Every structure is written in C-alpha cells, then in structure tokens.
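Subject: Structure handover

Hello,

Here is the structure I said I would pass on. Please look it over first; my notes follow below it.

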Protein chains: 2
Amino acid sequence: MRQSPHPWPKIVVLGAGFGGLFACRALGHKDVDVLLVDRLNYHTFTPLLYQVATCALDPGEVAYPIRSIFRGVPNIQVVMGEVTRIDTGARLVEIRLDDILRQEPYDYLILATGSVAEYFGHLDFRQQAFEMQSLSDAVSLRNHILRLFERAAYTQDPAQRAALTTLVVVGGGPTGLETAGALHELYNHVLQEEFSASPPLHARVYLVELQPYVLKPYPQALRQAALEQLRSLGVEVLLSNPVVDISADHIRLQDGAVIPTRTVVWAAGVSASPLTGGLDAPRSPDGRLHVLPTLQVVGHERLYAVGDLAYLEDPRGQPYPMLIPVANQQGRLAAGNILRHIGGQPGAPFRYHDRGMMATIGRSRAVAWIYNRLPLSGYCAWLAWLGLHLVTLLGFRNQLVVLVNWMWNYFTYDRSVRIILDQERRSPPPARQE
Amino acid sequence: MRQSPHPWPKIVVLGAGFGGLFACRALGHKDVDVLLVDRLNYHTFTPLLYQVATCALDPGEVAYPIRSIFRGVPNIQVVMGEVTRIDTGARLVEIRLDDILRQEPYDYLILATGSVAEYFGHLDFRQQAFEMQSLSDAVSLRNHILRLFERAAYTQDPAQRAALTTLVVVGGGPTGLETAGALHELYNHVLQEEFSASPPLHARVYLVELQPYVLKPYPQALRQAALEQLRSLGVEVLLSNPVVDISADHIRLQDGAVIPTRTVVWAAGVSASPLTGGLDAPRSPDGRLHVLPTLQVVGHERLYAVGDLAYLEDPRGQPYPMLIPVANQQGRLAAGNILRHIGGQPGAPFRYHDRGMMATIGRSRAVAWIYNRLPLSGYCAWLAWLGLHLVTLLGFRNQLVVLVNWMWNYFTYDRSVRIILDQERRSPPPARQE
C-alpha cells in the first residue's frame, strides 16, 4: 500500500464489466488511488458466453481474473464483494464478502454495474427461463441441455422425446440469434450424431420474437439477411408473436401456439442493474440513471455512471444503446473527466465513436453494419466478427487457446467441452456392506 | 441400432474410468453389443485433477465426453446413469437417470466403478475435508481457495489471515505430493503477488503423513529425494503424525499440534467404490472384490471386475496396486477373456507389465522409478512425467490446449484459470425502487 504524506484522491469503481475495466485502465499509473469492486473475481467476455453455453469454449476461456488484469498497476486495488449501500452524503460505499463488511470512503465513485435480464412485468417467467447474462448462466444452460439429451436417449415416447430436444430462444437481438444458431449446430451436427438412438433424436430450435423482424437496430436489408441465414441453418423463426406463458414443460405464444419444451432461453431484453437502488437520482423507465453529457449522475457532482447503467441521449434525441463499445468509451471518458475535475478543468461531453454493429448466426453466417454504412452479410461478416472478437479477448493465452478451439470446431464440427459439470454439494457415501 | 436375426452377446460395462474405457476399446468393432454406463457424461483424466484444483487447467481440459470417444464405433452404446441394482441371477442391471429407470439384460458384466476416498473410520472428517476424486471436487477446492484469499484481503487480524491462507494436505502419496506442491506454487508465486495487502499475505502449505516417509511404494532414495524437493519448494512436511481431528477452523495431529486452517485436502487413501454393495462376492478389507487371475469375480462366471475395484495378488502375494496402468491392462484383459469365453476358449491370467511409477512435486520437481529399476529425480523425472501425461491425454484438441497452457504456465508462472465459478442457483433480483 502506498504511503504518502499527501494522499491521492480515492476513486471507487463498482463493476468490472467493460465500462469499469476501461475506466480503471484509463486511471492506471495516474496520481489517484483506485479501488475496483466486483462481486466476481473475474471479468466476463460476455459476447462469447453463448459459446460456453453451446460447448464450444471452456468457461476459463471467456473469463479473466480481475487481479491479473491489474497486476503491475500499483495504484489500482481490486476487491471482491457485493455492494450493500452507497452513502453519497458521507461519500462511502459499503461492501460485503460472505459475513465480512467493509466501508470504503471515496472522493469519486464510478457506477458500472451493468444490466440484468428484463422480463417486462412477467417475473414468473424468470423461474422457468435460462438467461445468458453471466458465466454461471451459460454453464447452467450447457449442463441442462446435455442432461436433457441424455434423458431423451432413455425414452421411446415420441412426445416426451420431442419436448426434451426442443429448445426455444426468446428474443431476436444479437444474443438470441447467436444462441439459437449455435444451439442448432450443437444439436444437429454434434449431439444427434452421437446419440445413436432408435428412432433418431430429432432436435428443433425455435426463435421467438415480438416484433415482425429480428435485429431491430439494423437496416431492413440486414434484418432480412439475418432472418434468411437463420432459417437456412434450420432455426424455426416465429415473428410478431409475444410469449404469454412459460411453464416447466411448455411455452405458449399469443397466437395460441403451444411448444412443448423444457428449455427456454430468455434473451428478450435487459434493464439497468438494480444494485444502485438506494440512490436518489432520476431514472429512465428501464431503470437507467440519467447522466449529464459529462457522465456525472444528475444531481451528484462526484458520481459517474457508465455503460448499460447510464441513460444519455445522443444529439438526435435517441438514447445511446446498451452495447460494449458505448460502455468502453464511457468508462474511459468518466475516468478522464474525474482527472479533469481533480485538475480544476471542466469535464468533456460524451461523443460516441460508432464503428457499427455485428452479429453472428453460426459457422460462416453473420451480418455486420460497418460504420453504420457498409452492410456485410454471410462469410465476410463472419470473418470480420471472428477477427474482432479474437483481437478484443483479454490476454494472449486466452487468445491462443480460443483460436485453437475455434479452428478445431470449425474444421471438425467437434464440441469437446461437452461435459456436464454439476457442482452439487457432495453427500456422504452410502454405508458399505461388509 | 443394429438389427440382426442372431443377436450378438451383450456386454454391459459399468464405469468409464480407465478400466472401463480400455475394456470398451478392446471390444470395439468385435461381434458383441456393448453398453457403457457411467454416472457422468465424461471420462476424467484423474492424474491432472490437481491441476484443475490449482488453477493451471480448465475443467474441460481434463474431461472428455464419453460419447465422443466411441463415436464411430457402432457396437458400443453409451448411456449416462447411476447403477441402482445388479441382479446376477436374472443377469440384468438397473440404471437410473433422474426419475427414469431402465433395466439392461447382459450376457457379461464388467465392473469398473473404481474407488472413493477412504477415511479409515473417521467419517466425520469427510464433512470438513476436500477430496481430489472427481472434477467437481477439484473445482470446489479451486473455488474455495480463491474465495479464502479474497476474504483474507478483507481482514487485518493476523490470526484470521493465517487461518485463511494455510492449507493442509493429508496423505503422502502421489496425489498428496502433487497437490501440496502445486498449491504452494499457486499461493506463493501467483496469488501472493496479486494480493497487494498490507502486511503481505503469507501462505503456508502443510503436508501431513502418518508414516515416517512419503511415497510408500518407492525405494528409500526416491522417498528421500521427494521429501527434499517438497521441502525445498517450501511445503512444510510433518511425518509420523496421524490426524486425530478436523473441524471447520483447525486440524489436530496426534502429537498435539493444532494447525488453524479452513482447508484440508484428504488424499490419505482410497477404497473400492461402494456401488457394487449388493453383490454376493468375497471382498478384501478395503472393499475390493476378489477376482480370479482371469479377472472373473470369485463365484460369478460372467462377472468381471477390473481396476481399483478388483482385488488380486501378484505372484509374490502382494495385491496389485490401485494404479491407472493396472486398470488399463485389466480392462483390456477382461475384454479379451470375455471374447475367449464366447469363443469357447479358456481365459488368460493377468500379468502386470509394470513400467514403474512417477510423481510430480511442482515445476521441474518430480521423482520417477522407471521399470522399478532406474530411479530419476528432479528435472529429468519432471520432463518424463510431462511427456507421459501429454501422450496419454485423450484427444488431439485437449493435448494441444493443455500443451499451450503448460508452456504458458511454465514460462510465466501465470494461472489464468483462476475464476471462482460458483454454480449456486439463481434467485430473483431484488425489486427495483422506481
């Protein structure tokens, strides 16, 4: 710990997602003391979570220990814990790990706690649906799907088998498309081949979307291209059809259709993380904190919010989207504005450098909208997606290992990470008969 | 499923460890129908479990889906399930997956269910101790240790910190040595560096052994070499000192010493798996089934037992050790003897081709006893260990990925797989204040 007669300003950063990480990177080796708090000990590379859920990557390949990221940066401390209270008057946050509480005073606070799945009032859906928000979610979904296939191999009843091997993804955004596409490949190229059941297991993947199109923010031509690629892969896409009920063994849509299934993946939307619930600050309807263009939370000079948690409108009056590049750039700007505040300078306003969007649908299938001008579709878009994600992945070892796995998967259609790793608590062994 | 007017003999193999796997490999593409049953959907490469526990490898790198191993072998079916009953009179086994039961008739049965940790009457120890028997054990231990270090960073109390960062491994066999050595490296090369606590975290690793030496089956010179390498690494070895009590916050030894610790790894011994408890067959005191030299269970012509589950004495009257090469060779022989029995020929007796033993203690530290003649110690033994394990790992992808990780770990002392992946069940999010 640094010993200094004149202590540096103390900045607490809550959340080690993309926003928090980029803020800390911009604060490293500066004359400030930074404390980065996250409830996990690793940063999750969320764009590849669906690859963990579909057995293409190991959990460790999309997670990176936070302490490692800031090893060798002496002014950044990392602590694992949940935030239990934010006191903006006394300028302190309270964090908790198991039964240990700890209070941390701050001069500046950056809120970067991200988003959670949004159920739009249907909280009962949450009991039945799988999410794709965290690494635990992805591993749970992987375990669940593999186990259902093992169960399907036990039974001859066609209806039971159909329910066990039918999967429904709700939501036509990038996460929904990626998950549906990758699950279809897992089912029909890998698992089906190995389950030599008689009659053969026939797996179906549905994508259900409320709107009459997928990929809402994309131009019409790319929406259509994505839809065609999904359908050419074999995914059954149901549009303009909201979910009205999810239970343990089926899902019901507004048009009355009932799909028997044990697996519903909820990718229909996100809202701001509820962690900052105790704050007295104006919010958008989806719970995001209104921030000034300098990213200061409205009414709180020393409080900054970035990424999915922050609500800010662009010059055309549209809110900035909840996307990783926005979080990255806001994290960097919040860090810069704090340093400017310390130096007595005015803060700079947020300007989004938008390099476009991309979504992948499966092997060799993707759409991209480069700089929101150049539309790409199919193989080129997929190569662009692959390159971008490999470059962005943290750490050289991870890049190398992920590259090996991707090449392996691409040429062999193999999914080697197909293990059901249930972490249930051990129970004592049955007594042995002597 | 094969349709044939004259059905082939049906062989059920229980357990997809090394014994069961090698039996199935020897039965592949022969005129028999094989059903391989395991309670997991993957084979575990147990010699590298300690590397998962110490964050050097990802779980998927030491586990291989059983269905993949036998893809393309049409006469071998794989099913996931627990054995609930063996009826040697009716010649059928009953297996279970969740709530589904299934009965499988057999003409021959190979029992290869392996071993479990043995507590020598101290069943209460099991509540407190971690094991190194399964992949779940290894991941649980990894999560536990990483979490304790995070907790230690919260507290300034020297006694609490010491208890949180002290680890005790019980048992001076290869598993105990490997675990103690690797944990010491994890603690003192990786974690300590990243926890920039004040005062610095000081981690201690103890190895506790009942006997006055480690590595009982090795010659005295190698025992001594292993002990010296362990101690030179920094592991505190306590010999001739049985454990008398394990509780949540300490371990007590026979000489009265009390070590405050939250982490006890039990590697003191194994006994036969209790899965075959319902069988009417003679057993050794540690629960192993007595088999004839042909590996037929005594009193059961069509029942074979192999590996850790089988008890057989070598020509000098010593029981064959519970080691992977024994299981491999017995699995192959049981398969061969079944094919001989079908062909009306007498079974061949087991002869162990003993190529020696090796154990690793850490980076560049190991002992090996090649062909039980040539003793190796230090760097040469470690290279031999590395080569052997890389060659033996199943699957080209795994070999490649493990090689990348090993090289990375070796040159950087990095442990990238350091994520606390708790698989606790999701709970609904707290209500948001609007």
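I began with one charged pair. In chain A, Glu82(A) and Arg96(A) form a salt bridge through their side chains, with 3.5 Å from N to O. Glu82(A) belongs to strand S6 (residues 82–87) and Arg96(A) to strand S7 (residues 92–97), so the pair ties together parts of chain A that are 14 residues apart in sequence. Glu82(A) is partly exposed, at 39% relative accessibility. Arg96(A) is also partly exposed, with a relative accessible area of 32%.

Before going further, please keep in mind that this is a predicted model.

Other salt bridges

Over all chains, the search of the whole structure finds 24 salt bridges. One of them links Asp98(A) with Arg147(B), where the closest N and O atoms are 2.7 Å apart. Asp98(A) sits in the loop between S7 and strand S8 (100–105) of chain A, while Arg147(B) sits in helix H5 (residues 135–152) of chain B, so this pair joins two chains. Asp98(A) is partly exposed at 27% relative accessibility, and Arg147(B) is partly exposed at 23%. The pair is also part of a network of salt bridges that links Asp98(A), Asp99(A), Arg147(B) and Arg151(B).

A further salt bridge is found between the side chains of Glu104(A) and Arg102(A), at 2.7 Å from N to O. Is Glu104(A) buried or exposed? Glu104(A) counts as buried, because its relative accessibility is 10% and the cut-off for buried is under 20%.

Chain A as a whole

Chain A has 434 residues, and 57% of them count as buried. Its secondary structure consists of 11 helices and 25 strands. Among the contacts in chain A with a separation of 6 or more, 63% are between residues 24 or more positions apart. The accessible surface of chain A is about 17500 Å², and carbon and sulfur atoms account for 55% of that area.

I looked at two sheets in chain B. As background, strands of a sheet pair through backbone hydrogen bonds, either parallel or antiparallel.

One sheet is open and has 5 strands in the order S5-S2-S1-S9-S21 of chain B, with parallel pairing. Its edge strands are S5 (76–80) and S21 (303–305) of chain B, each of which pairs on one side only. From one strand to the next, the twist averages 20°. Within this sheet, strand S1 (residues 10–14) and strand S9 (residues 108–111) of chain B run parallel and are joined by 4 bridges. Val13(B) has Ile110(B) in S9(B) as its bridge partner. Helix H9 (residues 324–342) of chain B lies across S1, S9 and S21 of chain B and runs at about 170° to S9(B).

The other sheet is open and has 3 strands, in the order S23-S24-S25 of chain B, with antiparallel pairing. Here the edge strands, each pairing on one side only, are S23 (356–362) and S25 (374–377) of chain B. Neighbouring strands of this sheet are turned against each other by 5° on average, direction ignored. Helix H8 (residues 220–233) of chain B packs on this sheet and touches S23, S24 and S25 of chain B; the direction of H8 makes about 170° with that of S24(B). S23(B) and strand S24 (residues 365–370) of chain B run antiparallel, with 6 bridges joining them. Met357(B) stands opposite Trp369(B) in S24(B).

Most residues other than glycine have a negative phi. Asn372(A) is not a glycine, yet its phi is positive, at about 55°. With 25% relative accessibility, Asn372(A) counts as partly exposed.

In chain B, Asp98(B) is not a glycine either and has a positive phi of about 55°. Asp98(B) lies in the loop between strand S7 (92–97) and strand S8 (100–105) of chain B. At 28% relative accessibility, Asp98(B) is partly exposed.

That is the end of my notes.

Regards

Notes. Residues are numbered from 1 along each chain as its sequence is written. Chains are lettered from A and ligands numbered from 1 in the order in which they are written. This is a predicted model: local features need pLDDT of at least 70, side-chain atom pairs count only at pLDDT 80 or more; totals for chains, interfaces and linings use all residues. Side-chain values use heavy atoms; hydrogens and water are left out. A salt bridge is a side-chain nitrogen of Lys or Arg within 4 Å of a carboxyl oxygen of Asp or Glu. Buried means under 20% relative accessible area, exposed over 50%, partly exposed in between (1.4 Å probe, protein chains only). Contact means heavy atoms within 4.5 Å. Accessible areas come from the Shrake-Rupley method with a 1.4 Å probe; for residues, only the protein chains shown count as cover. Two strands pair if DSSP finds at least two bridges between them. Axes are lines fitted to C-alpha atoms, for helices over the stretch in contact, and angles run from 0 to 180 degrees between N-to-C directions.
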